[in-house]
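Hi there,

Here is the structure I said I would pass on to you. Have a look at it first, and then read my notes below.

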There are 2 protein chains.
Amino acid sequence: MKIGGKQYRAIWPGDDLDCVEVIDQTRLPHELRIVRLGSAEECAAAIRDMVVRGAPLIGAAAAYGIALAVRADPSDASIARASALLLETRPTAINLRWALERMKETLRGLTPAKRADEARELAGRIADEEAAACRAMGNLGAGIVREAWERCGKTRPVRILTHCNAGWLATVDWGTALAPVYVAQEQGIPVHVWVDETRPRNQGMLTAWELGQQGVPHAIVVDNAGGHLMQKGLVDLCIVGTDRTTSRGDVCNKIGTYLKALAAHDNDVPFYVACPTSSIDWTLDDGLASIPIEQRDEAEVTHIGGIGPGGDLVRVRIAPVGSPAHNCGFDVTPGRLVTALITERGVCPASKDGLRHLFGRAS
Amino acid sequence: MKIGGKQYRAIWPGDDLDCVEVIDQTRLPHELRIVRLGSAEECAAAIRDMVVRGAPLIGAAAAYGIALAVRADPSDASIARASALLLETRPTAINLRWALERMKETLRGLTPAKRADEARELAGRIADEEAAACRAMGNLGAGIVREAWERCGKTRPVRILTHCNAGWLATVDWGTALAPVYVAQEQGIPVHVWVDETRPRNQGMLTAWELGQQGVPHAIVVDNAGGHLMQKGLVDLCIVGTDRTTSRGDVCNKIGTYLKALAAHDNDVPFYVACPTSSIDWTLDDGLASIPIEQRDEAEVTHIGGIGPGGDLVRVRIAPVGSPAHNCGFDVTPGRLVTALITERGVCPASKDGLRHLFGRAS
């Protein structure tokens with residue numbers, strides 16, 4: 001997608017073979033800074049510190065991390081070490097594990113001498129496939145947006161609420177939840193996006209920035225506002241991403257997603273989850289009981305960064321001294337609250353049968 | 001309640017007769033600053049700029065505003081002018097209108113010469129009655145907290161989630177939603193309060209500060225977190241305040257309250273509203289359709305204040321340049337999601353029958 005009219009992806013191989021380049025998402029939306037990652041260790045640090053974030057993108061970054069480790073040392077031990085390091089960076093998103101398993105499985109069958117080229121190529125392929133999956137979800141999701149537009153007699157923009165950032169920054173390209181928005185725009189369907197701020201890390205500001213760069217009309221709202229907007233009939237549909245989806249369609253996504261799903265359900269607003277295959281964890285059933293929820297630093301709640309009066313990025317303390325905070329990164333939305341999953345293979349109910357039927361799996 | 005061990009109220013008459021003093025709530029939790037308000041105009045500005053905030057407190061501040069106007073000029077025209085000015089400051093909370101009506105009704109029956117003393121006395125009485133109502137709600141609410149404590153076999157603190165600040169700062173003294181917490185603490189019942197940050201103005205930080213000053217264990221959470229905490233069984237009950245309650249028990253309170261009520265309902269967590277009589281609007285039935293929702297400045301969403309690296313209070317921009325924001329201050333929680341209303345007269349169902357029975361009103 002575009003930044004200042006120029007085409008970008010959220011991750012790309014460096015011109016020489018010994019690095020991968022990413023956009024530093026801790027500086028956005030205030031500053032565009034490109035960072036070179038030259039080793040598995042640097043990839044792991046970038047994932048941990050959320051320089052790169054978003055379930056599909058951290059999968060791709062982890063794959064490149066393995067490729068860089070293999071380039072430095074193609075031994076089994078090197079791959080195992082890099083994989084363990086990368087895996088422990090973020091516990092909730094499943095794409096990370098999925099990408100690492102895929103890399104390891106492919107490399108295991110090769111002699112060390114052949115591993116470096118294959119690892120680099122496969123990491124690129126994983127990134128390309130994520131982008132293609134997003135585009136496919138965009139095409140399917142745009143059909144849903146079009147139906148909403150037709151339901152209102154094409155008299156006004158389709159008002160879509162989203163939580164967090166599941167845009168192109170989170171996914172290599174296009175985005176998961178935002179791909180339908182971008183494809184709808186491409187098709188001439190007018191949209192207006194309600195952008196949840198998404199405390200504590202305010203990834204909604206990344207969404208607002210992305211949308212602004214592509215010229216999509218939008219407004220930022222605090223996370224508290226969505227229920228009221230839905231009660232007032234100002235939301236036609238919700239679309240969010242997912243960090244892990246269970247085999248019965250429970251969706252683990254950024255903290256607060258569950259609250260929006262409840263409000264959508266209470267107000268008969270369709271609630272869609274853009275769910276690439278790479279985010280499905282077929283080994284889990286009950287999301288609430290079984291998905292590990294990342295506990296993060298309380299300073300993310302008590303402090304916040306922004307542009308100060310001098311034009312610099314500064315960090316301010318918003319909480320009173322001595323008050324502790326509790327910071328859980330994700331919540332689980334039960335499949336019963338999800339209207340449908342939009343996958344790159346098709347749209348299906350968020351249920352065991354729905355997923356099984358779409359993916360042709362036996363019970 | 002106490003600040004640094006010293007007893008305070010949120011509003012009190014000045015030593016001389018020509019002012020009222022308040023704590024500047026725009027500086028909290030970072031700085032304790034007392035402000036003198038010397039006229040109805042200054043009272044109106046303090047309410048509009050949220051130097052004083054919280055439905056019961058703005059009622060008391062408006063009453064003192066009338067008293068100051070009457071001291072300067074006791075004519076009918078002066079009272080009408082001051083009342084109109086004060087009424088238009090905040091559209092949602094009903095206490096403001098209630099206090100102004102009560103002042104006007106009493107003063108109307110008096111000759112101008114007698115009005116100044118009576119106005120000052122009545123404003124003081126309104127403040128005292130609010131404090132007494134809060135203490136009464138605290139006693140009733142503490143009984144509910146005690147029951148929760150007994151239900152868990154007195155093995156751990158009762159975990160209470162609250163949204164916004166409905167503490168003593170919002171109400172003259174004790175608070176509405178926090179009064180049960182303070183009375184429970186007085187009675188030796190251990191409590192732990194989950195404090196919703198309450199974007200965009202972060203009144204949760206006032207709650208955290210209040211609780212810290214009274215030594216009540218608590219943790220700040222982002223507004224997104226409450227649903228997850230309830231899903232995980234970490235919330236025993238919710239208690240919130242109200243800015244306006246309709247005759248059928250619909251509750252208009254700070255934006256985001258509705259989302260927490262939905263989550264409480266979905267997880268069988270009791271959801272109580274501390275509702276002083278002064279917040280009931282008997283003229284309205286359907287809260288969603290009829291209560292005016294204040295639209296506030298979008299800069300409250302795009303910017304935030306905090307303590308910067310130099311120790312000063314600074315304001316930072318968190319949103320990308322060019323992204324608009326939408327800022328609605330309140331939402332309406334339908335009575336069906338409210339377990340009960342805690343009023344100073346007793347606890348009752350949030351329904352037409354419940355309120356009618358408690359207040360002995362005919363239909």
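**What I found**

Let's begin in chain A, where Cys164(A) lies in the loop between strand E6 (158–162) and helix H6 (179–186). Please keep in mind that this is a predicted model. Cys164(A) is not a glycine, yet its phi is positive, near 65°. It is a buried residue, with a relative accessible area of 6%. Val172(A) is also found in the loop between E6 and H6 of chain A, and it too has a positive phi, about 90°, without being a glycine. With a relative accessibility of 0%, Val172(A) counts as buried.

In chain A, the peptide bond from Leu28(A) to Pro29(A) is cis, with omega near 5°. Pro29(A) sits in the loop between strand E4 (20–23) and strand E5 (34–37) of chain A. In chain B, Arg199(B) and Pro200(B) are joined by a cis peptide bond with omega about 10°, and Pro200(B) is in the loop between strand E7 (191–196) and helix H7 (204–214).

Next, take a look at helix H4 (residues 95–108) of chain B. Which residues of H4(B) are buried? They are Asn95(B), Leu96(B), Ala99(B), Leu100(B), Met103(B) and Leu107(B). These residues cover an arc of only 130° around the axis, so they lie on the same side of H4(B).

In the loop between H1 and H2 of chain B you will find Gly54(B), which is buried at 14% relative accessible area. Gly54(B) and Gly241(B) are 187 residues apart in sequence, but their C-alpha atoms are 9.0 Å apart in space.

Strand E6 (residues 158–162) of chain B holds Leu161(B), a buried residue with a relative accessible area of 1%. Its C-alpha atom is 5.7 Å from that of Val193(B), 32 residues away along the chain. Beyond its neighbours within four places in sequence, Leu161(B) has contacts that include Trp194(B), Gly226(B) and Lys260(B).

How many disulfides are there over all chains? The count is zero. For Cys275(B), the closest cysteine sulfur is in Cys348(B), and at 7.3 Å it is too far for a bond. The closest one to the sulfur of Cys328(B) is in Cys252(B), 11 Å away, which is again too far for a bond.

Last, the rings: the charged end of Arg135(A) sits over the ring of Trp174(A), 4.5 Å from its centre. In chain B, the charged end of Arg135(B) sits over the ring of Trp174(B), 4.5 Å from its centre. The whole structure also has four aromatic pairs over all chains.

Happy exploring!

Conventions:
Residues numbered from 1 in each chain as written. Chains lettered and ligands numbered in written order. Predicted model: local features only at pLDDT ≥ 70, side-chain atom pairs only at ≥ 80, totals over all residues. Heavy atoms only, no water. Buried < 20%, exposed > 50% of the residue type's maximum accessible area, 1.4 Å probe, protein only. Helix = DSSP H or I, 4+ residues; strand = E, 2+ residues; numbered from the N terminus. Arc of directions from axis to C-beta. Phe/Tyr/Trp six-rings, centres within 6.5 Å; stacked < 30°, edge-to-face > 60°. Lys NZ or Arg CZ within 6 Å of the ring centre and 35° of its normal. Disulfide = S-S within 2.5 Å. Contact = heavy atoms within 4.5 Å.
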